[in-house]
Amino acid sequence: MKINKKSIGLLMLPLILLGVFFLPSTVFAAPQPPDGVKKDLLEKGKQVYFRRCVWCHGVEGGGDGPSAERLFTRPRNFIQGTFKIRRTDSGELPLEADLIRTVKNGLPGSAMPPWGEVLSEDEVIAVVNFVKTLVQDRSFDDTEDEEVNVQEFGQMPWSVDQGQIPGQKLYLGIPQADIDAGREVFIKNKCFECHGGEGRGDGNPTMKDDWGFPIVAADWQQCWNFRGSRRDPYNPFNIVRTISTGLNGTPMPNFKEQITVEDRWKLAAFVNSLCPRKKIDKLTNKPVTDFLISSLYTEGEVARSVDDPMWDTPDHDPNWVTKPKDYPGTLNRKHYIAMGGQITRGERNFKPKVDNLWVSSRWSPDEKAVYYMVEYHNRFLSQDSEYKDAVAIQWPGKLQDLYGAEKPYFIFGDSKKPVDIWKANFLAQDYSPTNPPNEKGYKLDVSVEEIVGHGYDALTAKETAPTVEVVDSIFKQGRVKILFRRSLETENKETDIQIPSESFIPVSFMQWSGRNKEKNETMAISTWVYTILEPPIPDSIYYMPPIMALIFIGLEGWLVWMTKRTRKMYAEGKAK
Amino acid sequence: MNKTFISFLVFVGTLVGFHMGVFPIFTPKEPTWVINRYVYFLCIIATLIIVNIVLRLKPPISLNALVVWSLGFYFYKFILYPPIPWTLFITYMMLWSIGTFLFISQDEETFREFRKPIVKMIIGEYKLARIVVFAALPILVGFGTYKALIPKFQEPVELRTVHPAPPATTRVHGKTYTLETQKNPYRIDEQDKYQKSFPFLDADKQEYMKNVTEGGTVFFQNCHYCHGDQLNGLGMFSHVFNPTPANFVDPGTIAMLRESFLFWRVSKGGPGLPNESTPWSSAMPPWEEHLTTEQIWKVILFEYWYTGWHPRTFDDESSIVGVKE
């Protein structure tokens with residue numbers, strides 16, 4: 001068929017009809033009264049609330065339970081009736097179903113756990129109705145002043161590739177054209193003012209919520225921390241809903257009028273494309289830590305620049321998502337290391353700013369050296385030389401003395417088993433957290449400390465010649481990259497770790513956010529993981545398989561000869 | 001078309017059809033006496049037998065052997081539940097292969113019949129089959145060699161004792177406690193009486209709930225980061241640490257421990273563990289550094305009240321009369 005105006009018109013006709021059919025329901029959704037309180041459930045709801053919820057949300061629902069002071073983000077204050085996750089218009093009360101969903105699925109990235117597995121359906125509905133009665137400034141029973149407009153978000157317009165991870169959807173394969181269009185929407189609506197140039201939430205350091213508590217914009221590259229992501233973190237719907245309804249009580253507005261539904265889906269596709277695909281643990285709703293950091297064997301010299309293609313890594317976990325065909329690098333992966341606040345010894349850190357690190361590594365037998373690239377997201381860096389930002393790699397000080405699985409205590413070692421710590425302290429040059437997005441990034445002034453730890457209160461700086469270098473570093477759009485280098489062996493065998501190849505070496509990580517006044521043992525920390533300097537791929541891999549195949553062909557020939565001979569013997573009567 | 005070939009197609013078709021279409025139906029979340037994976041497997045076998053009989057296919061012994069062996073493989077790989085480790089899988093498959101071999105070599109005639117197509121393939125009577133098999137096998141061997149030579153690494157597996165034997169006594173804040181006899185000083189009444197009480201609201205009416213409220217307050221300022229708001233070991237930092245934090249809702253933790261054991265574990269934390277419990281990676285603080293003795297006992301009281309478990313008790317506290325000394 002020739003494409004002419006008439007045929008296009010014919011094609012458009014059903015689309016227009018469809019549009020007319022759906023338009024009223026999307027744009028002119030009729031206002032309805034809020035879901036009133038079901039009074040008969042209140043007694044049961046109170047029972048559940050005072051057993052499960054009161055500890056964070058407080059006796060009167062003011063978000064001031066015993067835990068509140070030590071939580072970031074703080075528990076929700078119910079009194080004003082502001083709820084984040086809704087399908088109703090910005091500023092309106094939520095539907096009962098919205099509250100039920102939030103209680104059931106929890107709010108990822110915060111302390112709110114999913115209650116759906118603990119409470120029965122009846123208990124959830126009951127406690128949601130009790131929570132409605134904690135709202136004092138408005139009322140779910142007020143049918144005169146309150147109305148809710150339920151939004152329609154349409155269907156996801158693409159058929160997507162859900163990937164290979166059992167029980168987890170990855171939402172890959174959205175057309176690049178739509179992602180690029182989404183990026184245009186992102187720029188046009190100035191989302192970067194809060195979420196930063198590359199979406200790491202590094203736009204605005206001064207934001208407060210409705211109650212005056214500090215709050216930060218979401219980091220789009222850690223979508224498993226999106227509130228309301230319903231335990232389905234890669235689903236672009238989560239983003240569409242948030243763009244459409246805003247998050248009540250926070251600076252996140254709604255864009256219902258500014259952006260059409262189609263464009264909201266495209267913007268969601270863009271945001272969603274930034275989030276690396278990993279296996280997400282069903283129970284904790286976080287990516288699973290990579291417990292083994294493999295250091296790639298590298299011939300010749302390792303590149304000393306963080307931007308070198310040698311340090312390129314694919315975005316997604318190569319175990320589950322095949323690398324793009326045009327991927328230039330040879331480094332197969334960066335390893336995800338979960339970080340938590342150091343809440344065990346001394347001055348504890350209940351509100352760490354960094355949730356994970358990504359670590360990749362190479363080693364070179366020619367240089368006799370190993371490199372570790374540590375990168376992490378931190379929205380805002382310190383400008384205070386009293387409280388510098390820092391990140392450290394912790395090793396057992398005396399590897400040779402460890403027996404079996406034995407290791408030093410993971411927080412700065414212990415009296416018998418010391419640790420060797422490589423710590424990079426740094427401040428960014430010409431940096432201010434309120435600067436607009438800077439595509440070039442900021443150079444860092446780095447100083448390396450080498451520390452021997454015999455416990456968090458027994459740290460000493462090494463007096464031997466420095467051996468650890470930071471060969472390159474940068475802070476760009478909310479991401480720090482630090483490239484550590486050290487020779488495999490050093491002269492100081494007493495307190496420096498001597499790094500063998502081809503064996504499993506315990507290693508762990510620490511991180512300090514200067515703006516959060518973190519110092520000494522007040523930090524974020526990982527558990528012990530392992531690293532291994534991988535041997536090169538043996539040369540035999542190139543000649544052994546053909547040799548084995550040839551030998552096998554010989555065997556086949558022999559088998560044919562033998563079989564034919566036996567048959568002949570039968571035929572001639574020599575064998576029976 | 002050759003009947004043997006039809007029979008082969010029937011086998012492959014049945015297996016694929018059942019696996020794609022019927023398997024999900026027979027593996028619901030809660031299997032019943034009829035709808036379960038083993039019944040599903042019997043259905044496959046019945047289908048195969050019935051189809052072969054109805055169509056009078058009379059498959060040769062070599063195809064029968066292939067079918068029997070493959071069904072064994074399918075059973076151990078997909079049907080048997082929970083899934084078995086691969087070492088056990090290899091052992092089972094060896095036994096199954098021997099069984100299949102016994103089946104084909106039960107007498108001279110079946111064995112000869114089994115050998116017949118193989119011999120014909122080798123000497124070239126089945127030309128196409130010989131080309132395919134003789135070309136494919138060396139390639140497979142080469143590929144296997146490649147797989148075996150390429151270096152692969154996985155982090156070492158570490159085992160640890162979750163509930164180590166406690167010491168006889170423990171010294172906390174300058175006072176020595178004998179764990180054998182030590183009781184929780186705040187367990188002043190039967191816990192079950194307070195299951196419907198409200199923390200905070202009833203704290204000034206009931207002494208017991210006052211202690212529970214104070215214990216809960218300590219818990220939600222210190223412990224929930226790891227042990228979770230639901231006390232199920234899934235707090236917001238729980239995924240960071242290895243070993244993972246204890247789940248108090250599980251019947252294998254506080255439900256089978258004595259309160260004095262908890263008192264020792266809470267007071268001394270990770271550093272107080274013996275080597276078999278990997279003290280170097282436990283994130284449990286020695287809580288005597290952060291809490292008072294009273295707070296530790298109250299938080300233990302709270303954990304039992306919240307989960308509804310009762311602490312384990314011995315002899316004189318038991319309601320069953322034993323041998324009198």
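This is a predicted model: local features need pLDDT of at least 70, side-chain atom pairs count only at pLDDT 80 or more; totals for chains, interfaces and linings use all residues.
A salt bridge here is a side-chain nitrogen of Lys or Arg within 4 Å of a carboxyl oxygen of Asp or Glu.

**Entry 1, salt bridges.** I looked up how many there are between chain B and chain A, and the count is 3. One I noted down is Arg567(A) with Glu125(B), where the closest N and O atoms are 3.7 Å apart. That distance is within the 4 Å of the rule.

I then asked which elements of chain B give two or more residues to the side that touches chain A. They are helix H5 (108-123), helix H6 (127-149), helix H7 (207-227) and helix H9 (293-307). Sorted by class, that side of chain B has 38 nonpolar, 19 polar and 7 charged residues.

I see 64 residues of chain B in contact with 73 residues of chain A. Between them, the chains bury about 6,000 Å², and 69% of this is on carbon and sulfur atoms. Which residues of chain B lose the most area to chain A? I have Phe153(B), His239(B) and Trp280(B), together 13% of what that side buries.

Finally I turned to the domain assignment of chain A, which gives domain 1 (1-30), domain 2 (39-132), domain 3 (176-273), domain 4 (292-533) and domain 5 (545-576). I also noted that the C-alpha centres of domain 2 and domain 5 of chain A lie 77 Å apart.

Technical notes: Residues are numbered from 1 along each chain as its sequence is written. Chains are lettered from A and ligands numbered from 1 in the order in which they are written. Side-chain values use heavy atoms; hydrogens and water are left out. Contact means heavy atoms within 4.5 Å. Buried area is the accessible area (1.4 Å probe) that two parts lose on being put together, summed over both. Helices (H or I, at least four residues) and strands (E, at least two) are DSSP runs, numbered from the N terminus. Ala, Val, Leu, Ile, Met, Phe, Trp, Tyr, Cys and Pro count as nonpolar, Asp, Glu, Lys and Arg as charged, and the others, Gly among them, as polar. Domain bounds come from an automatic or database domain assignment.
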